[in-house]
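User: Please take a close look at one residue in this model. Then place it against the sheet and the cores.

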Amino acid sequence: MTFGFLQQTVDAANATVYTFSGENFGAADADRYIIVGVSARKAGASTTISSITIGGVSATIVKQVTNTGTNTDVAGLAIAAVPTGTTGDVVVTFGAGMVRCIIEVYRAVGIDSP
């Protein structure tokens, strides 16, 4: 198995849908999975991650947590089999508008399917 961090990208816009264009997916491989970590903040009421696509592939949200208080922090982890292409878009959709979103992109080859 190989596993590696590729990049982190921040979008400080107020949005419900964040599109991170041209993210680095590393070398293509028939057995490649792209894993995306998400962290976001919202002022006020609680929300969740609704969906994530990675390179046009609907990702499985493996885990997400929400911490509420004055602000709501949402974090999650998603994975998708993306065997082709060296770059692609990551699209994160929340149940409500957020004030910023950060993603971290990882590449894994040779893992068991989720």
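Analyst: Val 109 lies in strand S9. Helices (H or I, at least four residues) and strands (E, at least two) are DSSP runs, numbered from the N terminus. This is a predicted model: local features need pLDDT of at least 70, side-chain atom pairs count only at pLDDT 80 or more, and totals for chains, interfaces and linings use all residues. Residues are numbered from 1 along each chain as its sequence is written, and side-chain values use heavy atoms, with hydrogens and water left out.

Val 109 has a relative accessible area of 14%, so the residue is buried (under 20%; exposed is over 50%, partly exposed in between; 1.4 Å probe, protein chains only). Leaving aside residues up to four places away in sequence, Val 109 touches Met 1, Thr 2, Asp 29, Asp 31 and Arg 32; contact means heavy atoms within 4.5 Å. Asp 29 is 80 residues from Val 109 in sequence, yet 7.4 Å away in space, C-alpha to C-alpha.

Now the cores. A nonpolar core is a set of buried Ala, Val, Leu, Ile, Met, Phe, Trp, Tyr and Cys residues joined through side-chain atoms within 4.5 Å. The largest has 23 residues; Val 38, Ile 52, Ile 54, Val 90, Val 92, Phe 94 and Ile 103 touch the most other members. S2, S3, S4, S7, S8 and S9 each supply at least two residues of this core. A second, separate core of 6 residues includes Tyr 33, Ile 35, Ile 79 and Ala 108.

Last, the sheet. Four strands form an open antiparallel sheet, ordered S2-S8-S4-S5; strands pair if DSSP finds at least two bridges between them. S2 and S5 stand at the edges, each with a single partner strand, so one side of each lacks a neighbour in the sheet. In S5, Val 57 stands opposite Ile 54.
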